[in-house]
Amino acid sequence: MADPRRRLRLGTVLTLALFATIGIRLVFLQAVETPAYAGGGVADRIRTVTLPAPRGAIYDRSGAPLAHSVEARYVYADPTQVKDPQETARKLSPLLGVPASELTERMQPRKRENGVDSQFEYLARGVQIDKARQITALELPGIGTHRDERREVPGGDLAANLLGFTSQDMVGLEGLEARHDELLSGEPGQRIYEVGLGDLAAPIPGGYSRTTKAKPGSSLQLTIDRDLQYMVQRMLSTRMAQVKGSVGAAVVIEVATGEVLAQASHPTYNATKPEESEPTDREDAATSFVVDPGSVHKAITFGAALQEKVVTPDTTLPIANAIRMGDTWFADTHPADGKRMSLAGMMAYSSNVGTIEIATKLGRDRLIDYQKRFGLGAPTGVGMPGEASGRLLPAEEWSGSSHGSVPIGHSVDATPLQMAAAYATIANGGTYVQPHLVKEVIGPDGKRTRAEPPVTRSVLSPENAAALRTILEAVTTVEGATGTAAAVPGYRVAGKTGTGWRLVDGRKQPGEVASFIGMAPAEKPRYVIAVFAHTPGGGGGDIAAPAFRDMMGFALRHYRVPTSAGEAPKFVVHPR
């Protein structure tokens, strides 16, 4: 080693060997182990952002939006990047309308279930675009915005009890929004991308990126007529406001199709601000309001008796002032003093005694059978979540007095919609057509699909249905009859008044439920309207019939239905 040349050669060899070793290791790292090292780094640089699916709209029958989504922004925080949560929250609070303390809590570092630090927390949903731009301009570390949507209900309280509302996350919570949530909501997408770390927390150009597009939800076109709904709602609320603590429902059905053109409730609420309302304000009274219907049920008893040939349109009976069934006496408010009465007279003066006499000839089992045929005792399936089924008194539960109470509409549980559908059967030549709210489903591609056809069944013959309509005309035309306040100038109207009770969990509530259900023009009915008014302190009789008159008058003019060509028949109440 004393030879300098030998030392030089050895040093050269060692240096070359060192460089060779380093070179081989670099090649190995870059060519063989690169995926493992790169993969380990990517996990720390990956961000995942949910892409909300645009929620489908809800339209009225003409295509006018009743509820739809508009573009908005959501504001989020990456707790690992937020430098001063309290100061950040202080700046965001007035823009988001969220307390600073709540925002501070959301921005606190936290672990996911898998033990990884959370890098995404919602601060607000449905933020207006201009507000989001102001937030972006603040350039707050760890705070970002992204495309979102906000649900809008242009009419505020218009059909609110039908439509319901969504959460901030666009999940249907009540009404049709909840019933059809899966169809309306679509499927959210996702964007996964690679970002730099620290102050370089921005997407890396050319870095890992994968986007799954959101699938928009479908839309619903309802049978509801926005203009008619507005007027029916207003007319109902105006009348109901006369009585404190009242609850009311109104339903308009197109006879030939079973389509519900309007379905109003009182009280109601603003669907854009559901948090400001009481749960009871948000109920759809037409399908959740269970009543003991009273005398509007008499049309079912008369229809069954006509169909079973127990009576004919010309039948007359001697009518006592009262009748005893079991241990209960049933009296008439318009005593006949034993004189003979026509069927039209019995209906005009709402004779309990006459109706019970007819039901006795018909028999319990046949009456129950026709109650079911007319749609009582089961939900209509109109499309509202939580629709009440009502209840019919089973044959084995009938007592002696039931033979008097059931025919006149007591010991019967029904909803306003069920009773409206029963009268629509009479108006439709005796054919029951299931009432329904959804007309079409509109796919994201614009393709329209008709809703399932409604259930139909024959209940009365056309001749008996026509005879019953004529009998019901006496209610609005005979002097002193119970429904003269429901008469619509220029049109023949067939219908019936009723007085019953509201039932909650099978228990009678204080006050009474007054109702009127009618059809027009009586000679060829186009529409059936049912109005029910629960008034804890009484006075409902001054609401239902006049409200019907106002609603039916507007509906006939709205659809330009010609006035009746002839006058109603002249009825004889007490034939000689």
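Modeller: Before we start, a term: two strands pair if DSSP finds at least two bridges between them. And this is a predicted model.

Biologist: Fine. Which strands pair with strand 20 over 2 bridges in the antiparallel sense?

Modeller: Strand 21, residues 507-508, does. Leucine 503 has lysine 508 as its bridge partner there. Strand 11, residues 291-292, is also joined to strand 20 by 2 bridges and runs antiparallel to it.

Biologist: Which residue of strand 20 is the bridge partner of aspartate 292?

Modeller: Tryptophan 501.

Biologist: And how many bridges join strand 20 to strand 22?

Modeller: 7, again antiparallel. Strand 22 covers residues 512-520. Threonine 497 stands opposite phenylalanine 516 there.

Biologist: Back to the hairpin of strand 20 and strand 21. What does aspartate 505 do?

Modeller: Aspartate 505 takes a positive phi near 55 degrees. The hairpin has 2 residues between its strands.

Biologist: Is strand 20 mostly covered or mostly open?

Modeller: Mostly covered. Of its 11 residues, 494-504, 8 are buried.

Biologist: New topic. How many residues are in the largest nonpolar core?

Modeller: 130. Those with the most contacts inside it include Leu222, Tyr423 and Met551. Helix 18, residues 541-558, gives the largest share, 10 residues.

Biologist: What does methionine 551 touch?

Modeller: Leaving out residues up to four places away in sequence, methionine 551 touches Val232, Met235, Leu236, Ala250, Ile529 and Val531. Val531 is also among the residues with the most contacts inside the core.

Biologist: What about a second core?

Modeller: There is a separate one of 16 residues. Val82, Leu96, Ala124 and Leu140 are among them.

Terms used:
Residues numbered from 1 in each chain as written. Predicted model: local features only at pLDDT ≥ 70, side-chain atom pairs only at ≥ 80, totals over all residues. Heavy atoms only, no water. Buried < 20%, exposed > 50% of the residue type's maximum accessible area, 1.4 Å probe, protein only. Helix = DSSP H or I, 4+ residues; strand = E, 2+ residues; numbered from the N terminus. Core = buried A, V, L, I, M, F, W, Y, C linked by side-chain atoms within 4.5 Å. Contact = heavy atoms within 4.5 Å.
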